[in-house]
Amino acid sequence: MSSQSFLSVLTGSFSTPSADNPTVAMMEAAYRHAGLDVRYINCDVKPHNLEDAVHGARAMEWAGFNCSMPHKAAVIDFLDDIEKSAKIIGAVNCVAIRKGKLTGYNTDGKGFLASLKEVAEPEGKKILLLGAGGAARAIAVELALAGAKHIRIINRDKAKAEKIADLIEDKTHTKASAHVWKGNASVPDDVDIIINATSIGLGNAEAIPPVDLETLKKGQIVADVIPNPPVTRFLQEAKKRECITLTGLGMLVHQGIIGAEFWLGKTLDATAMKNALEDIFGVKK
Ligand code: NDP
């Protein structure tokens, strides 16, 4: 008998629409780089099929899967367990299947945190968070659990910012405040880290969040969640003012690394993942 195995380990993503999600290319590049017989399958799953898809992944003994829009909250109903920060955020985008048991995680904020930790520790820091959508909520919760001192959230729709600020104050030891975003926002003097967690700049190299750029200061950390283009106009302007900048590509790569650690117990190569994304996004090297 041959000792060769023709059975790959399966991972993937459930979302709809799903054709424009580049995570599959990033993950498969990293699996190939590590010489692993693991596949990542991008699946278009409509909301009414989510339960069947989850049961299917368990039945086929997948190692785990990502959940993207619109399944991040709905998938919780089909899980056995949810990790602490995902429970606070109220959304799961990564599920690990171990011995038939499904555990949900949220890697949006964890990916951001891992990227941030390459340049600074969040503990004791004052944060200005632009936006109050799903990404902002996940980032705020992880920063708070990591010991950030204060998170100032600004959003056009103030009620959404208030919801996140209330959640942070209820569930963590971090202070938070919510403010309406009108006109060009000023960056307060004592802020250490500024994060664009809006969708402004996605696929648009000219778009920039309305911020008074002259209130940015040398040495402040300016991060963007936008992965494409990786160096947004906001980051270019911050760099001109000698800020330390972090791209959304780092957040995406770290999400992949964290997901694979949950699924396979292995740490994948960040450079292989970043190269795959940069090729797709047409970044000149
Ligand atoms: P949501 O739709 O939940 O939130 C969008 C946010 O952007 C809201 O706060 C919205 O404000 C704000 N916004 C949009 N347009 C404007 C504008 N013109 N002026 C001011 N505010 C604006 O999206 P998500 O939070 O899920 O995603 C946000 C971005 O994060 C996306 O571009 C996504 O690609 C990126 N992302 C990146 C990840 C990565 O790994 N790099 C991971 C996850 C997301 P309002 O509430 O007032 O409408």
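**Close-up views of a predicted model**

**Figure 1. The shell around the ligand.** The ligand is surrounded by 23 residues, and the closest are Gly-133, Ala-135, Arg-156, Thr-198 and Ser-199. By type, the shell divides into 10 nonpolar, nine polar and four charged residues. Helices α4 (107–116), α5 (134–145) and α8 (248–264) each supply at least two residues of the shell. The most come from α8, which gives four residues.

**Figure 2. Two cis peptide bonds.** Most peptide bonds are trans. The bond from Thr-16 to Pro-17 is cis, with omega near 0 degrees. Pro-17 lies in the loop between β1 (9–15) and α1 (23–33). The bond from Met-69 to Pro-70 is also cis, with omega near 5 degrees. Pro-70 is in the loop between β3 (64–67) and β4 (81–82).

**Figure 3. Glu-61, with a positive phi.** Most residues other than glycine have a negative phi. Glu-61 is not a glycine, yet its phi is positive, near 55 degrees. Glu-61 sits in the loop between α2 (50–59) and β3. This residue counts as exposed because 12 other C-beta atoms lie within 10 Å, and the cut-off for exposed is 12 or fewer.

**Figure 4. Lys-99, with a positive phi.** Lys-99 has a positive phi of about 50 degrees, although it is not a glycine. Its place is the loop between β5 (94–98) and β6 (101–105). Lys-99 is exposed, with 5 other C-beta atoms within 10 Å.

Conventions:
Residues are numbered from 1 along each chain as its sequence is written. This is a predicted model: local features need pLDDT of at least 70, side-chain atom pairs count only at pLDDT 80 or more; totals for chains, interfaces and linings use all residues. A residue is near a molecule or strand if its C-beta atom, placed from the backbone, lies within 6 Å of it. Ala, Val, Leu, Ile, Met, Phe, Trp, Tyr, Cys and Pro count as nonpolar, Asp, Glu, Lys and Arg as charged, and the others, Gly among them, as polar. A residue is buried if 20 or more other C-beta atoms lie within 10 Å of its own, exposed if 12 or fewer, and partly exposed in between; C-beta atoms are placed from the backbone.
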